[in-house]
Amino acid sequence: MKSVIIGTAGHIDHGKTTLVKALTGIDADRLEEEKRRGITIDLGFAHLELKAASGEKLRLGFVDVPGHERFVRNMLAGVGGIDLVLLVVAADESIKPQTREHFEICRLLSIPRGIVVITKADLVDEDMLNVAKMEIEEFVRGSFLDAAQSPMVEVSALNGAGLEKLKQEIVRLVAEIPVRSTEAFFRLPMDRVFVMKGFGTVVTGTLIAGKVGKEEEIEILPQRRRARVRGVQVHGSSAEQAIAGQRTALNLAGVEVEDMARGMTLTNPGVLEPTLRLHVQLSLLKSAKPLKDRSRVHLHAFTSETIAEVVLLEENPLKPGATALAELRTSEPVLLLPGDRAILRQFSPVVTIGGVVVLDAFPLHRQKKEARVSFLRGIANGSRQEMLLARIARRESGGLSLAEAIRETGLRPSVLQADSKALAQQKKIVLLGDLMVSAESFTKARERISKTLDAFHKANPLVRGMSKEELRTKAGLRPEVLEELLAHLVREKKAEATGELVRLAGRGVELKDDEAKAKNQIENAFASAGLKVPTMKEVLAKLPVDKDRAHKLITLLLRDRILIKLTDDLVFHQTALQELRRIMTEYKTRSAKIDVPTFKELTGISRKYAIPLLEYLDNQRVTRRVGDERVIL
Ligand code: GDP
Ligand code: MG
């Protein structure tokens, strides 16, 4: 069984609603006012089952749209998601303004297939009919409705002429329509909501992606309201589930009708996110005025409608008939995904001026314009895998997580995982759990890490290594990327990691056990001696390590300012010098000056040590030499 959505299009009073009724037996004009005035105001719906030549059952859902120019916005709410359009042209009137506008809208939305239906054939003679045909052929030339590829059928709803032929053509075209994939999360743009006695809230729409079944939890965007599907109806009869391409009605539990309105989208909970910024390929109609940067427009996307500001990313102003990249900044959040199409109407007066294809619904915030444009050009024509690769690459060493990939594409995890696996096998990306990093960025990040570590070692020649956290911040990487890069470097013996410390192989100082012991011994020897320090020679003689290593340890202690060197063979522990300062400060309360003998007495040290120590204090501006005495500062 195949389900397809067929939409009508065309000028008011050309016979759209009558045609739908002639085909399905259903009057799509359901409102009181529509019946009274005899015109279609809002969308109408009908359905029909036909048999394909193969015997397959074809379920056709019809969306009948209003033709009046005042109700084009209602037409726009219905036309998104249709597979086949019946462009209705009355034989007695031929092409009229909304024939043009609806036709342009169908082209901008890239509706893949259509049939031109010339209605009211009974009202004209053969000559008139031929003139109308010629006019219409000329009108659709070069488009998806070109007579070379698209049928044109004349009918009369009055006497039934041509209706069988039309059904045959519908069956033929429907067979060509590919079955819609259900690779994406489900999206149901709501076109109606009402209360059904005994059931409660019912919403309807054309299921444009995925599938939804009974008892599922759903989310309503952009409001983020949750509800449960109590029942599903497809083309008017109960079903277990609805799939992409079906007219769908859902009976919902957990929401009130008052909270729901046309334009909202139902989807799987907690997966997709609405956006306020879209990058698109914008096509301006030939009939439009040149479009200036920062123009405000009405954006019609599926059943939603909002105001958007157009930021032109290429030429400014955009010439009529031209296509270029642009950013849309919407005044309300919209749920759109790459590949979706939408219509732009002029702010005022409200006429259709163009359409957009969404390329990216989650633009990166800080990205250079050239990088942005080349990214967008790349994904405009890429395969699904190429597009994923471009999305991964633009994140550079930050990588793209699976959740982000889902949000950006609307695709199911299984589909994305298969693609990312394939890309990893082709060595185009590196897969780190759920994080995807392009091979190029990964290599660059590796170089960055090596460089950062190298610079660290140069600046700190006597430190064991750099802390991972510091390295991560300096290199600007996600923890999982850093870990993986380090694992690579360690495996290749280019780096070493112990606990939280990382260093390049052969760099940084590593103390062995005996060295650590020796270091303590040196420190203690000086610390316990106070100002009566031993000579370096005496200390070194007692150490359990060789001269070279002892020298390294002394350098470490001096670098860390644990030991302080006054002359080549006079080294103090920093605590001893602190104590000296304290003694001097205390002495100052007794006398403002001090001479060398007093200093020797006060500190209990020999002249040999006293002079360098006083010079040290001068240097530190604790004392100032005046003749043979020192003034304590
Ligand atoms: P819509 O605005 O395009 O939906 O047009 P309607 O279906 O409401 O039809 C407008 C008027 O044209 C109605 O009065 C119909 O009865 C009439 N009409 C529709 N189809 C035919 C037809 O094939 N032959 C004739 N003679 N009248 C038709
Ligand atoms: Mg109508």
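Is Glu492 buried, partly exposed or exposed? At 38% relative accessibility, Glu492 is partly exposed. The model described here is a predicted one, and Glu492 is taken up again below with its salt-bridge partner, Arg446.

## Overall form

The chain contains 19 helices and 32 strands. Its radius of gyration is 40 Å, well over the 26 Å that the globule rule gives for 633 residues, so the chain is more spread out than a compact globule. The C-alpha trace spans about 135 × 50 × 50 Å along its principal axes.

Of the 633 residues in the chain, 52% are buried. The residues discussed below include buried ones, such as Thr267, and exposed ones, such as Lys319.

## Surroundings of ligand 1

Ligand 1 is surrounded by 15 residues, and the closest are Asp13, Lys16, Thr18, Asp122 and Ala157. Sorted by class, this shell has 4 nonpolar, 7 polar and 4 charged residues.

A backbone N or O atom of Lys16 is 2.8 Å from an oxygen atom of ligand 1. Ala157 places a polar backbone atom 2.7 Å from an oxygen atom of the ligand. With Asp122 the side chain is involved: one of its N or O atoms lies 2.8 Å from a nitrogen atom of ligand 1. The ligand taken alone exposes 580 Å², and the protein buries 76% of that area.

## Salt bridges

The whole structure holds 53 salt bridges. One of them joins Lys319 to Glu315, with the closest N and O atoms 3.3 Å apart. Lys319 has a relative accessible area of 53% and is exposed, whereas Glu315, at 31%, is partly exposed. Because the cut-off for exposed is over 50%, Lys319 falls in that class at 53%. Another salt bridge pairs Arg329 with Glu327, the closest N and O atoms being 2.7 Å apart. Here Arg329 is partly exposed, with a relative accessible area of 32%, while Glu327 is buried at 2% relative accessibility.

Glu492 and Arg446 form a salt bridge in which the closest N and O atoms are 3.1 Å apart. Glu492 sits in the loop between helix H13 (479–491) and strand E26 (495–498), and Arg446 belongs to helix H11 (residues 439–459), so the pair ties together parts that are 46 residues apart in sequence. While Glu492 is partly exposed at 38% relative accessibility, Arg446 is buried at 19%. The cut-off for buried is under 20% relative accessible area, so Arg446 counts as buried at 19%. Elsewhere, salt bridges that share partners join Asp360, Arg391, Arg394, Arg395, Glu404, Glu408 and Arg478 into one network.

## Helix H8 and its end

Two members of that network, Arg391 and Arg394, are also among the buried residues of helix H8 (residues 384–394). Leu388 and Ile392 are buried in this helix as well. An α-helix has 3.6 residues a turn, so residues three or four places apart point the same way.

After H8 comes Glu396, which has a positive phi, near 50°.

## Individual residues in strands and helices

Thr267 lies in strand E15 (residues 265–267). Thr267 is buried, with a relative accessibility of 0%. Its side chain reaches the backbone oxygen of Phe186 at 2.7 Å.

His47 is located in strand E2 (residues 44–51). At 35% relative accessibility, His47 is partly exposed. The C-alpha atoms of His47 and Gly25 are 8.8 Å apart in space, and the two residues are 22 apart in sequence. Arg581 belongs to helix H17 (residues 574–588) and is likewise partly exposed, at 32% relative accessibility.

Note on methods: Residues numbered from 1 in each chain as written. Chains lettered and ligands numbered in written order. Predicted model: local features only at pLDDT ≥ 70, side-chain atom pairs only at ≥ 80, totals over all residues. Heavy atoms only, no water. Near = heavy atom within 4 Å. Polar contact = N/O pair within 3.5 Å; in protein donor to acceptor, adjacent residues only side chain to side chain. Areas by Shrake-Rupley, 256 points an atom, 1.4 Å probe, with all protein chains shown as cover. Nonpolar A, V, L, I, M, F, W, Y, C, P; charged D, E, K, R; others polar. Salt bridge = Lys/Arg side-chain N within 4 Å of Asp/Glu carboxyl O. Buried < 20%, exposed > 50% of the residue type's maximum accessible area, 1.4 Å probe, protein only. Helix = DSSP H or I, 4+ residues; strand = E, 2+ residues; numbered from the N terminus. Rg over C-alpha atoms; globule rule 2.2 N^0.38 Å.
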